[in-house]
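Subject: Structure for you to look at

Hello,

Here is the structure I said I would pass on. Please open it next to this message, and read the notes below with it in view.

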Amino acid sequence: RGDIDSVHHQVKRFEPHMALFLDDDIYDIWFDDFFKGIHQHLKNNGMALIEGHENHLDPLLIMAQKYEFKNVSIIKDYTQRNRFLKIIK
């Protein structure tokens with residue numbers, strides 16, 4: 001999704017490329033499978049906290065809501081940027 005240039009250089013330096021980026025053609029499929037797995041394996045009232053790029057958390061929140069979690073919300077980091085997706089089953 002063209003985000004390589006918007007990721008902080010220190011993040012790119014210390015995090016594996018595979019942990020940061022997905023090919024555009026599998027992005028939605030990967031996250032759909034990811035949320036499905038969270039829903040299947042998380043206990044009732046269990047929580048998943050997922051760090052993500054601020055530009056992608058709103059669409060990921062919508063995608064996660066398809067699985068009828070009790071609560072899906074975005075949490076800001078200390079710089080007031082959207083940083084985490086909080087999911088409660």
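The notes below cover the strands, then the salt bridges, then a surface patch and some backbone angles. Please keep in mind that this is a predicted model.

The strands

I would start with strand 3, residues 82-88. Five of its seven residues are buried, so strand 3 is largely enclosed by the rest of the structure. Strand 3 pairs with strand 1 (residues 47-51) in the antiparallel sense, over five bridges. With strand 2 (residues 71-76), strand 3 also runs antiparallel, and six bridges join the two.

Elsewhere in strand 3, Phe-84 has Glu-51 opposite.

Which residues of strand 1 are on its covered face, and which on its uncovered one? Ala-48 and Ile-50 make up the covered face, while Met-47, Leu-49 and Glu-51 make up the uncovered one.

Asn-82

Asn-82 belongs to strand 3. Its relative accessibility is 19%, and the cut-off for buried is under 20%, so Asn-82 counts as buried. The side chain of Asn-82 makes a polar contact of 2.9 Å with the side chain of Lys-76. Neighbours within four places in sequence left aside, the residues in contact with Asn-82 are Gly-52, Glu-54, Leu-57, Asp-58, Ile-74, Ile-75 and Lys-76.

Salt bridges

How many salt bridges does the structure hold? There are three.

One of them is between the side chains of Asp-32 and Lys-66, at 3.1 Å from N to O. Asp-32 lies in helix 3 (residues 27-41) and Lys-66 in the loop between helix 4 (57-65) and strand 2, so this pair ties together parts that are 34 residues apart in sequence. Lys-66 counts as exposed, at 54% relative accessibility.

Another joins the side chains of Arg-81 and Glu-54, with an N to O distance of 3.8 Å. Arg-81 is in the loop between strand 2 and strand 3, and Glu-54 is in the loop between strand 1 and helix 4, so the pair ties together parts 27 residues apart in sequence. Arg-81 is partly exposed, with a relative accessible area of 43%, and Glu-54 is partly exposed at 30% relative accessibility. Glu-54 is also one of the residues in contact with Asn-82.

The remaining salt bridge is formed by Arg-83 and Asp-77, whose closest N and O atoms are 3.0 Å apart. Are these two residues buried or exposed? Arg-83 counts as buried at 16% relative accessibility, and Asp-77 counts as buried at 14%.

A nonpolar surface patch

Met-47, Leu-49 and Ile-75 make a nonpolar surface patch of about 270 Å². Met-47 lies in strand 1 and is partly exposed, with a relative accessible area of 48%. Met-47 and Leu-49 are both on the uncovered face of strand 1. Ile-75 is also among the residues in contact with Asn-82.

Positive phi values

Most residues other than glycine have a negative phi.

Asn-45, which is not a glycine, has a positive phi near 70°. Asn-45 sits in the loop between helix 3 and strand 1 and counts as exposed, at 52% relative accessibility.

Glu-68 is not a glycine either, and has a positive phi of about 55°. Glu-68 is in the loop between helix 4 and strand 2, and with a relative accessible area of 69% Glu-68 is exposed.

Gln-80 takes a positive phi near 70° as well. Gln-80 belongs to the hairpin of strand 2 and strand 3, which has five residues between the strands.

After that, look at Asn-82 and its side-chain contact with Lys-76, and then at the three salt bridges.

Regards

Terms used:
Residues are numbered from 1 along each chain as its sequence is written. This is a predicted model: local features need pLDDT of at least 70, side-chain atom pairs count only at pLDDT 80 or more; totals for chains, interfaces and linings use all residues. Side-chain values use heavy atoms; hydrogens and water are left out. Buried means under 20% relative accessible area, exposed over 50%, partly exposed in between (1.4 Å probe, protein chains only). Helices (H or I, at least four residues) and strands (E, at least two) are DSSP runs, numbered from the N terminus. Two strands pair if DSSP finds at least two bridges between them. A polar contact is a pair of N or O atoms within 3.5 Å; within protein, one must be able to donate a hydrogen and the other to accept it, and residues adjacent in sequence count only if both atoms are side-chain atoms. Contact means heavy atoms within 4.5 Å. A salt bridge is a side-chain nitrogen of Lys or Arg within 4 Å of a carboxyl oxygen of Asp or Glu. Patches are made of residues with over 30% relative accessible area and no salt bridge: like charges are joined within 9 Å, nonpolar side chains (Val, Leu, Ile, Met, Phe, Trp, Tyr) within 5 Å. Accessible areas come from the Shrake-Rupley method with a 1.4 Å probe; for residues, only the protein chains shown count as cover.
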